[in-house]
Amino acid sequence: MIEHLKKCAQAVLEGDDRQAEKLARLTLDKDYPLLEVIDKGFVKGIREVGRLWEEGTLFLPELVMGAEAMKKAMAILQPALESGGHEQTKAGLVVIGTIEGDIHDIGKTLVATMLSANGFGILDLGADVPVQRFVDEAEGKKADCIAISALLTTTMPGQKKVIEELDRRSLRDRIKVIVGGAPCDEKWALDIGADGYAGDAVAAVALAGRVIGG
Amino acid sequence: MDTDFREIINKRVVLFDGGMGSMLIAAGLGEGEIPEQWNLERPDRIIAIHAAYLQAGAEVIQTNTFGATGLKLGASAAGKKLDPAGVNEAAARLVREALEGEGAEDRFVAGDMGPCGELFSPMGRLTPAMARDTFREQARALERGGVDLFLIETMYDLREAVEALRAVREVSDKPAVVELTFDLKSRGYFTLVGDTPRKAAAVLEAEGADMIGANCTLTSDKMIGLVSEFRDNTGLPLLFQPNAGHPEMENGRAVYRQPPGDFAGDTARMIEAGANAVGGCCGTDPRFIRAIRDYLDGRK
């Protein structure tokens, strides 16, 4: 079992999606404890990918492949988890998108992938998303959090407009807002009244967990 | 142009211009509008921005074509309506007009080429041929518009930078400058996909770039160490264009607060570390270029 957990973590770390799928199936065949395999195997792997990304040992290609391997494994384990009567371990629902006028969706998609790999429910609205649509979707789907990306000096004020719209609809205390994108930082998030800023996809996972949990 | 850009960069420090985005907002760029459409719809305002940089002492003016590849224009509603070749050619002519309007001599038009917006595998579905095709279309139009050199910038993947450089080489023998964008991690400077300054210098030198360097992502204080690292790895002329700190919200707008004098001070240290050309990126405006100009003139 310990060996199996190690292999699961390793498959994610190496971004080997076929191996991750194989190990996920083996988990079901052998009837290993699901939650333990997820938490001490696959999740441990994706956390290690995140740590190595932050220090500059792994880069975008490895991060993307690690997250994909994680998603493949979870796609096999999730149905078993649910039919087994386990509480679905969703960390919260995040509505994510790049703000109107801005078509940069690389960073945003990566954040969505990493959040999903870490157990968050994700509604990805894509790029060039109008302020109203962020709020409409978050309200309609009862989301816990809106994550807004902006890559341009010209578009970043749109992040504040989403917060203002939440205020206007009296939703602000229910729906958290986190921001990211090249020109943003902590100070910017504070200025516009967001709940937090994350500099990359790994930091975004920690931030989303913190603001939704708190 | 009488003076050769390749000669000048080996003789003295050359001053490029600064950011375009905040200038466009100040000039009234509206929501849903993209910077590139103003080359066709508001040429007077684009010329005025170029002129402001010329008056501040910039010697190289970048065309307003950062996102003007066919691939990237095709990804936005406003961009879809534009003809990529027409936008690029017009943008080059606008810089030329600004130069003529200011009666400026020994100034250069740099055809600006930013990332095409798609990623290579495993992140995306960009192929070398797709990148080459879209950059070739852009480079050809810039050449037709009369640029003096090409500036490939903000590249986060060396592979894409190489395709852009090869595309330029297919359509022109004018000087080609390549700037990648690096972040500072605890283990050093890396692009998004993990390219190091050392690898970038070796590859771009072998591909025949005339000048290389970095722009965006890093603020001026963090750019100084990157200059040294590049200088340790290449004899090519080097160009660096950092950001002016991080933006803050003021009256519904993003404003940058780093004092221009502070930026110019860091620029002086970049020159000491081996930069042959300098300028600004996000958040910089003509005040920053003026501050660097004053420093350069003072050290003559």
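Colleague: Which domains does the domain assignment of chain A give?

Modeller: Domain 1 (2-83) and domain 2 (93-213). Such bounds come from an automatic or database domain assignment. This is a predicted model: local features need pLDDT of at least 70, side-chain atom pairs count only at pLDDT 80 or more, and totals for chains, interfaces and linings use all residues. Residues are numbered from 1 along each chain as its sequence is written, with chains lettered from A and ligands numbered from 1 in the order in which they are written.

Colleague: How many residues does each domain of chain A bring to the contact?

Modeller: Contact means C-beta atoms, placed from the backbone, within 7 Å. Here, domain 1 of chain A gives nine residues and domain 2 of chain A gives nine residues. On the domain 1 side, H4(A) supplies the largest share, five residues. Helices (H or I, at least four residues) and strands (E, at least two) are DSSP runs, numbered from the N terminus.

Colleague: At what angle do H1(A) and H4(A) pack?

Modeller: Axes are lines fitted to C-alpha atoms, for helices over the stretch in contact; angles run from 0 to 180 degrees between N-to-C directions. For H1 (residues 2-13) and H4 of chain A, the angle is about 135°, with axes 7 Å apart. That makes H1(A) oblique to H4(A). Under 35 degrees counts as roughly parallel, over 145 as roughly antiparallel, 65 to 115 as roughly perpendicular, and the rest as oblique.

Colleague: Which residues make that contact?

Modeller: From H1(A), A:Ala11, A:Val12 and A:Leu13; from H4(A), A:Gly66, A:Ala69 and A:Met70.

Definitions and conventions
Contact = placed C-beta atoms within 7 Å.
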